[in-house]
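Visitor: I'm new to protein structures. Could you walk me through this one?

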Number of protein chains: 4
Amino acid sequence: MKPTVEMLRQYVSVHTDLALEAHDAAIRAGWDKQGVERVSEPFHGGNVSRVHVNVQGARQIGKPPGTYITIEAPGLREHDVELRERVAQVLAQELGYLLPQTASGPTLVVGLGNWHVTPDSLGPRVIDELLVTRHLFEHAPQFVDGGMRSVCALAPGVLGITGIETGDIIQGVVHKVCPGVVIAVDALAARSMDRLGTTIQLSNTGISPGSGVGNKRQALTEETLGVPVIAIGAPSVVYANTIVVDAIQKLTEALRQAAGGHSGIGSMLRELAPEEQGQLVHEVLSPFWGNLVVTPKETDEQIRQLSKVIAGGLNVALQPGLESSDTLKYLQ
Amino acid sequence: MKPTVEMLRQYVSVHTDLALEAHDAAIRAGWDKQGVERVSEPFHGGNVSRVHVNVQGARQIGKPPGTYITIEAPGLREHDVELRERVAQVLAQELGYLLPQTASGPTLVVGLGNWHVTPDSLGPRVIDELLVTRHLFEHAPQFVDGGMRSVCALAPGVLGITGIETGDIIQGVVHKVCPGVVIAVDALAARSMDRLGTTIQLSNTGISPGSGVGNKRQALTEETLGVPVIAIGAPSVVYANTIVVDAIQKLTEALRQAAGGHSGIGSMLRELAPEEQGQLVHEVLSPFWGNLVVTPKETDEQIRQLSKVIAGGLNVALQPGLESSDTLKYLQ
Amino acid sequence: MKPTVEMLRQYVSVHTDLALEAHDAAIRAGWDKQGVERVSEPFHGGNVSRVHVNVQGARQIGKPPGTYITIEAPGLREHDVELRERVAQVLAQELGYLLPQTASGPTLVVGLGNWHVTPDSLGPRVIDELLVTRHLFEHAPQFVDGGMRSVCALAPGVLGITGIETGDIIQGVVHKVCPGVVIAVDALAARSMDRLGTTIQLSNTGISPGSGVGNKRQALTEETLGVPVIAIGAPSVVYANTIVVDAIQKLTEALRQAAGGHSGIGSMLRELAPEEQGQLVHEVLSPFWGNLVVTPKETDEQIRQLSKVIAGGLNVALQPGLESSDTLKYLQ
Amino acid sequence: MKPTVEMLRQYVSVHTDLALEAHDAAIRAGWDKQGVERVSEPFHGGNVSRVHVNVQGARQIGKPPGTYITIEAPGLREHDVELRERVAQVLAQELGYLLPQTASGPTLVVGLGNWHVTPDSLGPRVIDELLVTRHLFEHAPQFVDGGMRSVCALAPGVLGITGIETGDIIQGVVHKVCPGVVIAVDALAARSMDRLGTTIQLSNTGISPGSGVGNKRQALTEETLGVPVIAIGAPSVVYANTIVVDAIQKLTEALRQAAGGHSGIGSMLRELAPEEQGQLVHEVLSPFWGNLVVTPKETDEQIRQLSKVIAGGLNVALQPGLESSDTLKYLQ
């Protein structure tokens, strides 16, 4: 098989935390699609994709096996309050499918990331907006009614600020709180700038080592924590390399047409072996700017809105007493 | 013994987290001074008091037995950078006396309180400015030299935000990190407005239940955590009741002079039994405004400066490689 | 006329920016009520008072002549989203009465105060949440429809941060923008702690020198700016002296009953001439703590919620195209 | 003349606010160097370049004629406090050369940009750290001594928040304050990611329309304001297009060597006319992501440090009484 520009794309598909993007890259690379099952369902203003990955598929797309649900709504970048409410409701509904039905013990929501690094602050911000009730169950049961479920929350900080592995802090707290399920919220890296501020991913796979916007994450999974771990993430950064690869493909395409079929970088790349393409991207670009991760100028606003949508969806999903039409109403 | 205005003062002396103020009130109430030993030492721009409280003294002043060190520097409210540096150095030195000499394991600094409630945000702000090194010892020992000690940090949040007892979070983390000593930083309540922004207290007693600016604190002591606990606090609020009691004493004093020896509320109070004085303050005022806690308009700035001074002092005390003249230099 | 405790109250009634409180104190002092007309109207969860002050009344209550509308809703301190919406709607309606009907030119909303001093940050925060449209009228008229009115906004900062009189900045901008009306939003001082977080005052008098939470305010009135000035304010601080005077009255009352008719400080105060009472409060207490202004520990949350309610009310009042049921929906 | 990859570079050189980068691109494009005079001087840890642009040079590099001083210090991204102090001192010294020697009236420092958009918040943050003294000259001359000069400051906000052209606000304030010189501080766009957090530009040209991180800036020049305008800026964003152009050049270079002299995109580009290259970048990429502007994940920290360095330099340059060794000491 000849190396292609698409393989170059594939090469950097590792640079995404979104299963949907990894799957897209795998399809584009011509790999067989066994092992990944994907259905898509539109809603007014957006789309939900559910990707089920088995062990074979996991190897192909480089993500752990499990279910990945991706909510896409390009209009989230606009000041469209109704769309935000709908997305929060869709999130609540999809989260309902992933949550274990028979969990006993409170739900522990963990907001990963760093308050002081805007594109990495999604997790702590969601914690800030979350309805937390466990202390009422413990200390003021008279305020608890049947529509309420026990929810607690933690924003453990990041290794550089605490000097403690995030996973260790969470394990310590899980040991004391004995939750029935952990929901970990985190900012993610995507391949495409279009996804920032417009996409939310849920999965029942927990958090893998090395994913997320921060550099070093310990695994937060049922294996490490002893309880099911749901991950909710939204991309807030892209690797500079993926911007370039995207752009080269678009340029090559345009040049191919402009030059009457002769493609410059495209034809040349076809003469390169895949490992030389790896050299191309990583020996040429990466030394130039390392694993440079960028975010749009608008990241403050995107993070602010996404954290409200996610917190609103979590509140409705976790508190049966809330009406879904009030998704964003009770945020602070 | 006749009830006096001073007993009225004493009555509300419970409304302070400062051992120095509690001791002052006990002295004013004429109680014997056995059980409390107190020495004072001036420095340029301020004063350090060391109060040693034994079991007998503890009953009198309502604070656990141990050593309480109070640093007072009224000039801290001014924009006096040199004084701030001196206070941070004094803090570092006094902290050196309290720290266990033979501790093995990292130092865990815990910042108690709520980021989003300014007068309660001292602890989390100190964590933000702290030099944290434990992860270097674990993951990058090549950057560690002999002048560095292993320090880690945690801002666990408050019950109302996490739904988890702060003490449980800390216990969970202590279990994983196995520190040699815990230093707990917290905002405190004082009796006198003069103390806000000007006073820092250190003690080797840990944190007692019910102290601090937040309502419900679990004990953080060697008993509950299994390692020595140093407490560092700075008052940021006063109870409204204590403002009134202070004012009444001053007014009574002035009226006594103005009226040629006849004191109004003073003489009247002398005719009241102590329990009636309790009624006076708690049945009259407290129902009116509960346990109203107030802070000066300038609290943002006071908290900001105190957190820098405390973090600077902690950094110099915990990192032998830092020169004490650089106390505030390496803050962010 | 004998001096009374009520006169002592009156003495410090200058320490309020609320016309309602000043009027209450005047009534209590037994002054005749000519010159002030006051009507009150309840709404679900609160009350609206409209006070019309003529020149004679202005002298009595120490506030400029004009109309003062006070919205009181004690439940604003709770997390009651519906009440907040109702208050914002009432604010919008009352503001509609005060706004000049025939103004041409945009509305300029000025947010007075200091971002970095929480109890003084109401004005800048309202500006942050305000729908601003003037630039659309100027640069993108295709986005303007009949339901939209031209609104612009400014948060000029405070003297200590800019070195420029706030009034000079506003005059300079008014000169360039030529608004039809100026709405000045500011944090206020109240006499009673109960008012903080629960009260909003509107008036058509503009802002007087010396009012507001910051120390020195220039007048912002039709005289100084050349256009009508509506003031919207919410108390966020009280003077410590007024806390004491309140408390003394309550204590005296309780003691009078307890002592069978003999009042301590009350009877003693009756023997003092009014100027001695002035001495009492200002020579005794003020030297002790100056013009100490305090705020409750909860000021961050109170300011945050009030700024949303006021911005929501302003948006609905100024943009006819917004439905009043969406008062809080379009805040950020 | 054959189109080259360098011309492609040149094509997007408009996407920089740095005269140094524009000049570099002009040199690379082989344009004659008349009209631009450039000297460079190293300091410990960095370099200062002074570029004098006459009317002819201005046409070539697309920047107004005048003097541009660029301070480069790659180490600014590290936690190197000494280097920050040195850069602030160099900034103070260079600013001294640009400031008019005979100005009467206060200095007005204007912080352009948006507090709530991190990469655009440099200006307002500098204002926050600035020593402001004009109000002392006006209201408290007893505190003014010979080492102090009158400085005032304004952070006018951005069009989207105020609905008022920034230039109109500043003109209004200049009219009232009558400054001798205006210093405008703003975040800039650079061509290269390497410059973010490491570069500061000073010029005596004022601010041109369309420059800066925000989209639409009015000119702030001696022509529009009537007083000399010094501009101080630091790049905080780059256009995504320039990342791609940089990367393509690096890839082409590597491929040329790997392919033994045959360059793919390079050779192909040589066959394209310059206007086709323009088509390449703007018709292919720009429709894809518009004028996408990105910033590194670390922008919060970079902006925070740069604002301190610039404020420190301004303070020393404007207040002769401050010792240059205290550059960063008196920041808050």
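**Reading the model**

Guide: Let's start at one spot: helix 2 of chain D is followed by D:Gly30, whose phi is positive, near 80°. Helices here are DSSP runs of H or I with at least four residues, strands are runs of E with at least two, and both are numbered from the N terminus. Bear in mind that this is a predicted model, where local features need pLDDT of at least 70, side-chain atom pairs count only at pLDDT 80 or more, and totals for chains, interfaces and linings use all residues. Residues are numbered from 1 along each chain as its sequence is written, chains are lettered from A and ligands numbered from 1 in the order in which they are written, and side-chain values use heavy atoms, with hydrogens and water left out.

Visitor: How many residues of helix 2 of chain D are buried?

Guide: Buried means under 20% relative accessible area, exposed means over 50%, and partly exposed is in between, using a 1.4 Å probe and protein chains only. Helix 2 of chain D (residues 19–28) is mostly covered, with seven of its 10 residues buried. Among them are D:Leu20, D:Glu21 and D:His23.

Visitor: Which residues other than glycine have a positive phi?

Guide: D:Cys178 is one of them, with phi near 50°. You'll find D:Cys178 in the loop between helix 8 (166–177) and strand 6 (181–190) of chain D. Over in chain A, A:Cys178 also isn't a glycine, and its phi is positive at about 50°.

Visitor: How many disulfides are there over all chains?

Guide: A disulfide is a pair of cysteine sulfur atoms within 2.5 Å. By that rule, the count over all chains is zero. Take B:Cys152: the closest cysteine sulfur, in B:Cys178, is 10 Å from its own, so that's too far for a bond. B:Cys152 is buried, because its relative accessibility is 0%. In chain D, D:Cys152 is in no disulfide either, as the nearest cysteine sulfur, that of D:Cys178, is 10 Å away.

Visitor: How do I describe two packed helices?

Guide: You use the angle between their axes and the distance between the axes. Axes are lines fitted to C-alpha atoms, for helices over the stretch in contact, and angles run from 0 to 180 degrees between N-to-C directions. In chain C, the axes of helix 4 (residues 81–98) and helix 13 (residues 299–318) come within 8 Å and cross at roughly 45°. That makes helix 4 of chain C oblique to helix 13 of chain C (under 35 degrees is roughly parallel, over 145 roughly antiparallel, 65 to 115 roughly perpendicular, and the rest oblique).

Visitor: Which residues make the contact?

Guide: Contact means heavy atoms within 4.5 Å. Helix 4 of chain C brings residues including C:Val87, C:Leu91 and C:Leu95, while helix 13 of chain C brings residues including C:Val309, C:Gly313 and C:Leu314.

Visitor: And what about C:Ile303: is it buried or exposed?

Guide: C:Ile303, found in helix 13 of chain C, is buried, because its relative accessible area is 2%. Not counting residues up to four places away in sequence, C:Ile303 touches several others, including C:Pro119, C:Leu122 and C:Ser236.
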